[in-house]
Amino acid sequence: MPNEENLIPMDQRSKSEARELGKKGGIASGAARRRKRSLKEAADLYLSLPVTDRRRANKLLRRQVDLEDIDNQMAMIAGLTDAATDGDARAAAVLVKLLGEETPPGDTDTAVLTRASELLEGIDSAIE
């Protein structure tokens, strides 16, 4: 297991050794990027699939969501909206971030919840 005593800085290694380590790092970086891209594509595919649970689909239909728009992504947004309107500050922060309304780092959870509530007022009236 590496620690401070057995780490050798790159400037103290030979050129061929540094090149070999750089090559290994590049290969590992490419593999990590491919895994991340594959995971993102899988998530995108799953979220675009239609909702198969009738209760969840009916709940979205009652909220005036068009049948063509009912997918897992819409169900997730509806769940976040429900949690945020019930007072979950983290769900409100996620919605605010999704809407592009980034909050300054100094804001408290209460301020985030208040701002999210203001943004979601129009959504609530459309749902009801």
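Q64 lies in the loop between α2 (54-62) and α3, where helices are DSSP runs of H or I with at least four residues, numbered from the N terminus. This is a predicted model, in which local features need pLDDT of at least 70, side-chain atom pairs count only at pLDDT 80 or more, and totals for chains, interfaces and linings use all residues. Residues are numbered from 1 along each chain as its sequence is written, and side-chain values use heavy atoms, with hydrogens and water left out.

| Residue | Phi |
|---|---|
| Q64 | near 70° |
| G87 | about 110° |

Q64 counts as exposed because its relative accessibility is 60%; exposed means over 50% relative accessible area, buried under 20% and partly exposed in between, with a 1.4 Å probe and protein chains only.

Helix α3 (residues 72-85) has 14 residues and reaches 20 Å from its first C-alpha to its last, close to the 20 Å expected at 1.5 Å a residue; the expected span is 1.5 Å times one less than the number of residues. Its buried residues include N72, A75, L80 and A84.

Helix α1 (residues 15-48) contains R35, and Y46 is also placed in α1. R35 counts as exposed because its relative accessibility is 57%.

Definitions and conventions
Helices (H or I, at least four residues) and strands (E, at least two) are DSSP runs, numbered from the N terminus.
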